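User: Hi, could you walk me through this model? I'd like to start with how the strands go together.

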Amino acid sequence: DFYLSHKGNTLIATDYDGDQGAFYSDDSGKTFKQFTGLPTGKKLFCTYSANNMILVGTEKGGVYITSGTAFSPANGGIDVNTSVYGIVAKDNLFKNNAAKKFFYLATSTGIYRSEDMAKSWIKVKVGDYRLIN
């Protein structure tokens, strides 16, 4: 089973079981190339931001990030052995017209928020959360 998503005109396929990893296609799905840097094991969720980033949540490995074709861990502030079940990006526009992007993770150890484009995370609620929207 694969999760299928897109980033602009690029298709993204992530293997749910983790055996195959994650792939991208920039030719309408005719051919796929494999991303590098992801751990083995389940990749539980994918999402994309407007800044050309891809985030992949894993089972007991936290979250991984890329803006190209190689992933790296982005777990600053996330508890060890955390499973990520959901990722969402939110844009907030403030009264002074300042805009800010926030990322939120629903995980096995709580809800996490990032205010710095997924470089670091703050746990805002403790618990086991399977969904976020």
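Analyst: Happy to! S3 and S4 are antiparallel partners, joined over 2 bridges. Strands here are DSSP runs of E with at least two residues, numbered from the N terminus, and two strands pair if DSSP finds at least two bridges between them. Before we go on: this is a predicted model, where local features need pLDDT of at least 70 and side-chain atom pairs count only at pLDDT 80 or more, while totals for chains, interfaces and linings use all residues. Residues are numbered from 1 along each chain as its sequence is written, and side-chain values use heavy atoms, with hydrogens and water left out.

User: Got it. Which residues of S4 stand opposite Phe-23 and Tyr-24?

Analyst: Phe-23 faces Gln-34, and Tyr-24 faces Lys-33.

User: And what joins S3 to strand S2?

Analyst: 4 bridges, with strand S2 (residues 10–15) and S3 running antiparallel. Ile-12 has Tyr-24 in S3 as its bridge partner. The two strands make a hairpin with 6 residues between them, and Gly-18 in the turn has a positive phi of about 85 degrees.

User: What's the strand order in that sheet?

Analyst: S1-S2-S3-S4, an open sheet of 4 strands with antiparallel pairing. Strand S1 (2–7) and S4 are at the edges with a single partner strand each, so one side of each is left without a neighbour in the sheet.

User: Are the residues of S3 buried or exposed?

Analyst: Both faces of S3 are covered: Ala-22 and Tyr-24 on one side, Phe-23 and Ser-25 on the other, are all buried. Buried means under 20% relative accessible area, exposed means over 50%, and partly exposed is in between, using a 1.4 Å probe and protein chains only.

User: Let's zoom in on Ala-22. What does Ala-22 touch?

Analyst: Not counting residues up to four places away in sequence, Ala-22 touches Ala-13, Thr-14, Lys-33, Gln-34, Phe-35 and Leu-38. Contact means heavy atoms within 4.5 Å. Ala-22 has a relative accessible area of 2%, so it counts as buried.

User: Which residues are in the ring cluster?

Analyst: Ring pairs link Tyr-24, Phe-35 and Phe-71.

User: Where does the charged end of Arg-130 sit?

Analyst: Over the ring of Tyr-85, 4.0 Å from its centre. The test is NZ of Lys or CZ of Arg within 6 Å of the ring centre and within 35 degrees of the ring normal.

User: OK, the core now. How many residues does the largest nonpolar core have?

Analyst: It has 14, and those with the most contacts inside it are Met-53, Leu-55, Val-63, Phe-103, Leu-105, Ala-118 and Trp-121. Strand S7 (63–66), strand S9 (84–93) and strand S10 (99–107) each supply at least two residues of this core. A second, separate core of 11 residues includes Phe-35, Cys-46, Tyr-48 and Val-56. A nonpolar core here is a set of buried Ala, Val, Leu, Ile, Met, Phe, Trp, Tyr and Cys residues joined through side-chain atoms within 4.5 Å.

User: What about the sheet with S9 in it?

Analyst: That is an open sheet of 4 antiparallel strands, ordered S9-S10-S11-S12. S9 and strand S12 (122–126) each have a single partner strand, so one side of each lacks a neighbour in the sheet. Strand S11 (residues 110–114) pairs with S12 over 4 bridges, and Tyr-112 has Lys-123 as its bridge partner in S12.

User: Last one: which loop holds Lys-60?

Analyst: The loop between strand S6 (54–58) and S7. Lys-60 has a positive phi of about 65 degrees although it is not a glycine, and at 55% relative accessibility it counts as exposed. Met-117, in the loop between S11 and S12, has a positive phi of about 60 degrees and is not a glycine either.

Methods:
Phe/Tyr/Trp six-rings, centres within 6.5 Å; stacked < 30°, edge-to-face > 60°.
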